[in-house]
Amino acid sequence: MNTFDRHLLREWFRILGIVLLAVVGLMFVQVLFDDFQKLRDQGARGADLWIYVLVTLPSFLAYVLPLTLLLSLLFALGQLHRANEITAMRAAGVGFLRITRPVWAVGLLACGAMRSEEHTSELQSQSTISY
């Protein structure tokens, strides 16, 4: 991995973290807004609410991860374009596919991770239903 790959990934992951926290935070507020009263009526305390949120967090990622990957990638590539870093790489003779190689690698890893998580949660739900 060369210097540009590390730079692109560092910029992208920094923005990805910010966007992911913001979107998961919005989903967290939405879940608490919808389910807070039901949980309180059943006698849930503060720790129970946090456990409920942590248990439902993986289901958020299935919806949130594609959106955050897209938004953060567009923002990171926009910043690199604004600083003429992509233009400089193209002028140096580096191909566009070579420039975006780390993006493709992370995208494939994210697809595999989401598919694996989806498969695992599907098996767990089927085993729960069969009992």
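**Core, salt bridges and a stacked pair**

Biologist: Which residues have the most contacts inside the largest nonpolar core?

Modeller: A nonpolar core is here a set of buried Ala, Val, Leu, Ile, Met, Phe, Trp, Tyr and Cys residues joined through side-chain atoms within 4.5 Å, where buried means under 20% relative accessible area, exposed means over 50% and partly exposed lies in between, using a 1.4 Å probe and protein chains only. The model is a predicted one, so local features need pLDDT of at least 70 and side-chain atom pairs count only at pLDDT 80 or more, while totals for chains, interfaces and linings use all residues. Residues are numbered from 1 along each chain as its sequence is written, and side-chain values use heavy atoms, with hydrogens and water left out. The largest core holds 22 residues, and those with the most contacts (heavy atoms within 4.5 Å) inside this core are Leu8, Trp12, Leu69 and Val103.

Biologist: Which helix supplies the largest share of this core?

Modeller: Helices (DSSP runs of H or I, at least four residues, as against strands of E, at least two) are numbered from the N terminus. At least two core residues come from each of helix H1 (3–41), helix H2 (46–82) and helix H5 (101–130). The largest share, 10 residues, is supplied by H1.

Biologist: Which residues does Leu8 touch, not counting those up to four places away in sequence?

Modeller: Leu8 belongs to the group with the most contacts inside the largest core. With residues up to four places away in sequence set aside, Leu8 touches Leu77, Leu80, Ile99, Pro102 and Val103.

Biologist: Which residues are linked with Asp5 in a network of salt bridges?

Modeller: A salt bridge is a side-chain nitrogen of Lys or Arg within 4 Å of a carboxyl oxygen of Asp or Glu, and a search of the whole structure finds three. Asp5 is bridged to Arg98 with the closest N and O atoms 3.1 Å apart, and to Arg101 with the closest N and O atoms 3.2 Å apart. At 3% relative accessibility Asp5 is buried, whereas Arg98 is partly exposed at 27% and Arg101 is partly exposed at 44%. The residues linked with Asp5 in the network are Arg98 and Arg101.

Biologist: How many residues apart in sequence are the parts that Arg101 and Asp5 tie together?

Modeller: The closest N and O atoms of Arg101 and Asp5 are 3.2 Å apart. Because Arg101 lies in helix H5 and Asp5 in helix H1, the pair ties together parts whose separation in sequence is 96 residues.

Biologist: What is the N to O distance in the salt bridge between Glu11 and Arg14?

Modeller: Both residues lie in helix H1, three residues apart, which is about one turn of the helix. Glu11 is buried, with a relative accessible area of 18%, while Arg14 is partly exposed at 44%. Their side chains meet with an N to O distance of 2.8 Å.

Biologist: What is the angle between the planes of Trp12 and Phe13?

Modeller: Rings of Phe, Tyr and Trp (its six-membered ring) pair if their centres lie within 6.5 Å, and planes under 30 degrees apart count as stacked, over 60 as edge-to-face and the rest as tilted. A search of the whole structure finds one aromatic pair. Trp12 is buried, with a relative accessible area of 2%, and Phe13 is partly exposed at 39%. The pair formed by Trp12 and Phe13 is stacked, with 5.8 Å centre to centre and an angle between the planes of 10°.

Biologist: What is the phi of Asn84?

Modeller: Most residues other than glycine have a negative phi. Asn84 is found in the loop between H2 and helix H3 (85–91), and Asn84 is partly exposed, with a relative accessible area of 47%. Although Asn84 is not a glycine, its phi is positive, at about 60°.
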